[in-house]
Amino acid sequence: MDASLEKIADPTLAEMGKNLKEAMRMLENSQRRIEEENGKKPVSEDIPGPLQGRIQNIGEQGHMALLGHSLGAYISTLDKEKLRKLTTRILSDTTLWLRRIFRYENGCAYFHEEEREGLAKICRLALHSRYEDFVVDGFDVLHNKKPVIYLSAAARPGLGQYLCNQLGLPLPCLCCVPCNTMFGSQHQMDIALLEKLIKDDIERGRLPLLLVASAGTAAVGHTDKIGRLKELCEQYDVWLHVEGVNLATLALGYVSSSVLAATKCDSMTLTPGPWLGLPAVPAVTLYKHDDPALTLIAGLTSNKPADKLRALPLWLSLQYLGLDGIVERIKHACQLSQQLQESLKKVDHIKILVEDELSSPVVVFRFFQELPGSDPAFKAVPVSSGAPAAVGQERHSCDALNRWLGEQLKQLVPVCGLTVMDLEVDGTCVRFSPLMTAAVLGTQGEDVDQLITCIQSKLPVLTYTLQLREEFRQEVEGTAGLLYVDDPNWPGIGVVRYEHASDDNSSLKSDPEGEEIHTGLLKKLNELESDLIFKMGPEYKSMKSCIYIGLASDDVDISELVETIAVTAREIEENSRLLENMTEVVRKGIQEAQVQLQKANEERLLEEGVLRQIPVVGSVLNWFSPVQASQKGRSFNLTAGSLESTEHTYVYKVQGTGVTPPPTPSGTQSKQRLPGQKPFKRSLRGSDAVSETSSVSHIEDLEKVEQLSSGLEHSNLEAHCPEQAPSVPAPMARQTEALQNKAQHPEDDHPQMGKPGSRDLRFSQPVNSHL
């Protein structure tokens with residue numbers, strides 16, 4: 001950079017070169033000192049205030065580009081003559097370098113901050129070129145012969161609306177050209193249909209004005225057949241503008257023929273900032289036109305020195321990098337894309353969408369799982385009328401899983417700069433475009449290898465989950481009380497909702513009872529400590545709660561999973577209703593007891609008389625003639641839900657029969673598992689994978705547990721068979737002896753009144769006490 005500046009005759013440029021040399025020396029020393037003190041800590045973290053930790057770690061070429069903005073402000077303070085010479089030299093040098101690097105001959109350059117601004121100025125130049133009286137008559141000229149701008153269906157979203165807003169044209173002036181659907185790529189412009197559209201517009205009195213072609217579409221990096229499009233535009237006198245990320249490959253030694261044809265177009269837009277990792281540098285639009293007056297009217301040229309100084313950051317950066325540095329950065333990005341593409345071809349269940357574009361620096365891939373029994377050679381053949389539903393279901397499932405895969409890869413390998421996007425034909429995909437991110441993020445070949453490793457580690461989870469989704473749906477639809485919820489955006493086994501007794505399926509209002517049941521169900525499922533993740537969320541277009549089941553990392557017993565969900569939800573509902581019923585029964589019992597206590601007090605008043613109620617007189621009268629009243633009370637039976645008399649309790653001095661109530665039956669029938677086996681795992685019993693030393697002993701332990709549990713039911717019979725005593729374990733023998741003693745002394749089984757441990761559900765209360 002210093003040698004080139006010293007050759008400039010203008011002393012101002014020579015002095016600026018010396019100052020830049022000193023500034024770069026100071027930057028390098030400061031950068032080296034900071035790295036030594038903080039262990040290569042990013043410079044952005046040392047910036048105080050709100051910018052701390054928010055600025056990316058930029059290299060020396062980034063500092064040079066940022067320095068250009070400050071330097072431009074100082075240069076603008078020079079006198080007019082020196083400023084004119086300096087800005088003209090900077091603009092001409094930058095234009096010449098860009099034309100040579102990207103093989104664009106005999107053209108001019110327009111530097112702009114907004115990427116689409118250059119195309120808008122080119123459209124204005126085309127309008128002034130084709131409509132001679134446009135400056136004088138304005139819209140009247142366009143009204144008589146409407147211009148038409150042709151855009152590809154794969155163009156950037158919102159580009160056509162932006163052009164119409166900038167030019168003041170109505171939206172009917174845009175013509176969207178479809179892409180190939182039967183032959184060729186699905187993202188390349190259909191040339192035959194474009195020619196037909198141009199002929200139709202000419203017949204209707206319209207003027208075909210401009211065509212925007214793509215050298216690397218914004219989505220998947222496809223390149224239109226620019227050579228054929230150039231011939232068509234020359235035939236019908238249409239301006240051809242090319243844009244796209246693949247234009248960066250023009251700086252390399254080998255360029256594909258389709259991209260090389262872009263050098264013959266009328267204009268092209270370049271974005272060297274992301275390609276070279278240069279912050280705050282402008283985009284460049286190269287164009288060919290010989291009339292300086294029209295370019296001045298269109299806004300592509302300007303006499304203001306400040307407009308010419310836009311090229312200064314790029315001028316400094318290009319000199320700092322040099323031709324070798326520029327080529328090396330672009331070549332490195334293309335090598336990263338080729339490395340990923342070749343590695344993905346060896347990974348099963350991964351489909352690459354840009355295989356025909358070997359020179360494209362964009363790699364788009366997605367996870368896919370073929371239908372059982374399908375042949376990959378016939379995937380493009382239309383299916384029968386009964387299959388689209390299954391194919392659509394699989395498409396939605398794969399889209400959700402690919403969205404999850406992309407987000408996981410972005411977190412695990414952030415330096416690769418991956419993006420997740422939705423394509424109309426292919427669905428959700430993951431895009432790797434190192435030419436737009438590698439220079440900024442510093443992506444290397446080791447990062448691509450790590451990305452491949454992460455993809456391979458996530459494939460088993462995606463495969464298992466996709467295989468189990470259909471089985472889960474069938475199991476849920478065949479289980480009473482469960483409703484399958486189709487949520488295409490959930491990347492898991494599926495979504496299910498429990499239909500309780502008072503559930504109204506036709507209503508979309510909130511359901512507090514169902515929300516309470518699903519909350520308890522979610523808690524129970526998470527307590528099982530399985531490998532599955534359970535979440536609760538509202539159903540789409542509804543306020544009702546559902547259970548969301550996450551991805552499966554291993555083979556899952558779907559029947560056991562669905563049965564557990566149904567039984568657990570049913571138990572929660574029954575327990576909640578039992579509590580509600582018991583609360584209502586107790587409330588009614590209290591009300592009835594209050595009424596009976598009031599009646600008992602009235603009867604006692606009539607029986608004892610009024611005199612006995614007087615404090616002093618009643619005491620004397622009771623001393624002379626005590627009242628021989630029987631103790632009366634009421635007890636509340638929770639089982640029957642009624643009040644009963646306690647007279648027999650005081651007569652026989654007992655409160656219950658001493659019969660132990662039967663155990664409450666449980667609806668959950670959990671399957672017996674091997675030691676260490678988590679819930680919802682398929683049983684390994686009977687499989688060849690079971691080892692003789694571990695699994696067989698586990699099965700024997702399970703059989704012993706079954707024998708011990710069944711032995712409790714026959715303990716009374718075994719107690720009368722002394723010859724079988726040696727085969728009974730010691731704890732069971734002691735239990736048998738206790739049962740025999742209990743049978744010989746049945747009177748010990750009746751608990752006395754007030755004895756702790758009574759299991760009677762009733763409580764007693766005298767008449768003269770409060771309930």
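Buried means under 20% relative accessible area, exposed means over 50%, and partly exposed is in between, with a 1.4 Å probe and protein chains only. Keep those cut-offs in mind for this talk.

This is a predicted model, where local features need pLDDT of at least 70, side-chain atom pairs count only at pLDDT 80 or more, and totals for chains, interfaces and linings use all residues. Residues are numbered from 1 along each chain as its sequence is written, and side-chain values use heavy atoms, with hydrogens and water left out.

Salt bridges to begin. The term here means a side-chain nitrogen of Lys or Arg within 4 Å of a carboxyl oxygen of Asp or Glu. By that rule the model has 20 salt bridges.

Take Glu342 and Lys345. Their side chains form a salt bridge, 3.7 Å from N to O. Lys345 counts as partly exposed because its relative accessibility is 44%. Glu342 is partly exposed too, at 40%.

Next, Arg84 and Glu81. This salt bridge is 2.7 Å, N to O. Both residues sit in helix H4, three residues apart, which is about one turn of the helix. Helices, by the way, are DSSP runs of H or I with at least four residues, strands are E runs of at least two, and numbering goes from the N terminus. Arg84 is partly exposed, with 43% relative accessible area. Glu81 has 41%, so Glu81 is partly exposed as well.

Now a salt bridge between distant parts of the chain. Arg403 and Asp422 meet at 3.9 Å, N to O. Arg403 is in helix H16, residues 388-412, and Asp422 is in strand E10, residues 419-423; the two are 19 residues apart. Arg403 is partly exposed at 27%. Asp422 is exposed at 55%. There is also a network: salt bridges with shared partners join Glu115, Arg156 and Glu243.

On to the aromatics. Rings of Phe, Tyr and Trp, the last by its six-membered ring, pair if their centres lie within 6.5 Å; planes under 30 degrees apart are stacked, over 60 edge-to-face, and the rest tilted. How many aromatic pairs does a search of the whole structure find? Four.

Trp97 and Trp315 are one of them. Their ring centres are 6.4 Å apart and their planes stand at 10°, so the pair is stacked. The pair links distant parts of the chain: Trp97 is in helix H4, residues 80-101, Trp315 is in helix H15, residues 312-344, and they are 218 residues apart. Is Trp315 buried or exposed? Buried, at 1% relative accessible area. Trp97 is partly exposed, at 26%.

Then Trp490 and Tyr548. Here the centres are 5.0 Å apart and the planes are at 75°, so the pair is edge-to-face. Trp490 lies in the loop between strand E12 (482-485) and strand E13 (494-498), and Tyr548 in strand E15 (residues 545-549), so the pair ties together parts 58 residues apart in sequence. Trp490 is buried at 16%. Tyr548 is buried at 7%.

Last, the surface. Glu132, Asp133, Asp137 and Asp140 form a negative patch. Patches take residues with over 30% relative accessible area and no salt bridge, joining like charges within 9 Å and nonpolar side chains (Val, Leu, Ile, Met, Phe, Trp, Tyr) within 5 Å. Asp137 belongs to helix H6, residues 134-137. Its relative accessibility is 39%, so Asp137 is partly exposed.

Methods:
Areas by Shrake-Rupley, 256 points an atom, 1.4 Å probe, with all protein chains shown as cover. Lys, Arg positive; Asp, Glu negative; His and termini not counted. Charge placed at Lys NZ, Arg CZ, Asp CG, Glu CD.
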